[in-house]
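Dear colleague,

I am handing over the structure below, together with some notes on what came out of it. Please read the notes with the coordinates open beside you.

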Amino acid sequence: MDSDLSLEFLRVVEQAAIACAHTMGQGDRHGSDHVAVEAMRKVMDSVPIDGTIVIGEGERDEAPMLYIGEKVGLAHALKGRGSASGFPQVDIAVDPLEGTNLCATGAPNAIAVLAASTRGGLLHAPDLYMEKLVVGPSSKDKVSLDAPVHENLKAIAGCLGRRVEDLVIIVLDRPRHEKLIADIRATGARIRLIGDGDLSAGITAAVVGSGVHAVMGTGGAPEGVLTAAAMRCLNGEIFARLVITKPEHEERCRAMGITDLKKIYRSKDLAPGSKVIFAATGVTDGSMLKGVKFRGDVIETETVVMRSVTGTVRWIRADHRQLEKFHLD
């Protein structure tokens, strides 16, 4: 889990983003996701790791690749050839295309995402909803998931030296958030409603100067773990609690080793690894990353790669040249 691996994971998310960007705006969300998964899986086997997918496309009977528990990496590709040992053991969480609807319609903020950690460093989260509150470094010790909305917003504003009316809060535009939206508006704070992509929104909230100051509401638990991995690198914070509404939800949690069903998780609970790497490439233009651009023989991408050990955040714009079209004189 050194800096060289962060560049390997950079290649993985770049290729996934390029693959699904070819389908952008074609209205086929499943097709967009499919090509992203295939591209990510193909590149993954060239990465020098002994990797295990802990958050992916679902259980094996639902996903042909990047399923939970699948072995990936060069160690897997070389298995049986006598040279598969010696690679670092790595747990991997992926969302090959976060915002399938966004890609299918050409809307902003679709991204390809990967988080990696030392073995056991990412929570095996069930595919349920989570209550979430995501904030940046300055206010992470001043807010609470159980506090009223007005108290949290007052605390965030105080930490930032702003008025509550100057805050921008991102909320998924869902019927379940009707009361939350009303409570935020009652404080005078501004809201940015999004159709999909609370992972991208959560990362934006922790980046200083993004113009976003918090994310509130209920979203997917797997995305919560990926957000936590980014928070470990950005020094932001996510507060999260699983939403258990049915007996089968409780059974699923216990089957995955989760016994405290009311626990409020923070970043180090969801992504406790001593070394965490997070990488994301823009598919469509967004508030955090520019989308893939096709310019003749050049494909342009923008990626963010982060490491928790050093706190390094790299923003990388790359030109991918189709070399087979070039010939030496």
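This is a predicted model: local features need pLDDT of at least 70, side-chain atom pairs count only at pLDDT 80 or more; totals for chains, interfaces and linings use all residues.

Residues are numbered from 1 along each chain as its sequence is written, and side-chain values use heavy atoms, with hydrogens and water left out.

I begin with the helices, where helices (H or I, at least four residues) and strands (E, at least two) are DSSP runs numbered from the N terminus.

Helix 1 (residues 3-21) packs against helix 2 at an angle of about 150°, with the axes 8 Å apart; axes here are lines fitted to C-alpha atoms, for helices over the stretch in contact, and angles run from 0 to 180 degrees between N-to-C directions. The two helices are therefore roughly antiparallel, given that angles over 145 degrees count as roughly antiparallel, under 35 as roughly parallel, 65 to 115 as roughly perpendicular and the rest as oblique.

For helix 7 (residues 198-206) and helix 8, the axes come within 9 Å and cross at roughly 20°, which makes helix 7 roughly parallel to helix 8. This contact involves, among others, Leu199 and Ile203 of helix 7 and Leu226 and Ala230 of helix 8.

Turning to the interior, a nonpolar core is taken as a set of buried Ala, Val, Leu, Ile, Met, Phe, Trp, Tyr and Cys residues joined through side-chain atoms within 4.5 Å. The largest one has 47 residues, of which Ile203, Leu270, Phe278 and Met306 touch the most other members, and its largest share, 9 residues, comes from helix 8 (residues 221-234). Leaving aside neighbours within four places in sequence, Phe278 is in contact with residues including Val113, Ile203, Leu226, Ala230 and Met306. A second, separate core of 37 residues includes Met44, Ile92, Cys103 and Val283.

Some single residues remain. Thr301 lies in strand 12 (residues 298-307) and counts as buried at 1% relative accessibility. Beyond its neighbours within four places in sequence, Thr301 has contacts that include Glu14, Ile18, Thr281 and Ile316. Met256, in the loop between helix 9 (247-255) and helix 10 (267-270), counts as partly exposed at 29% relative accessibility, and, with neighbours within four places in sequence left aside, Met256 is in contact with His124, Ala125 and Pro126.

Finally, most residues other than glycine have a negative phi. Leu66, however, has a positive phi of about 55° although it is not a glycine; Leu66 sits in the loop between strand 1 (50-55) and strand 2 (71-72) and is buried, with a relative accessible area of 0%. Asn109 likewise has a positive phi, of about 80°, without being a glycine, and is placed in the loop between helix 4 (100-105) and strand 4 (111-118).

With best wishes

Key:
Buried means under 20% relative accessible area, exposed over 50%, partly exposed in between (1.4 Å probe, protein chains only). Contact means heavy atoms within 4.5 Å.
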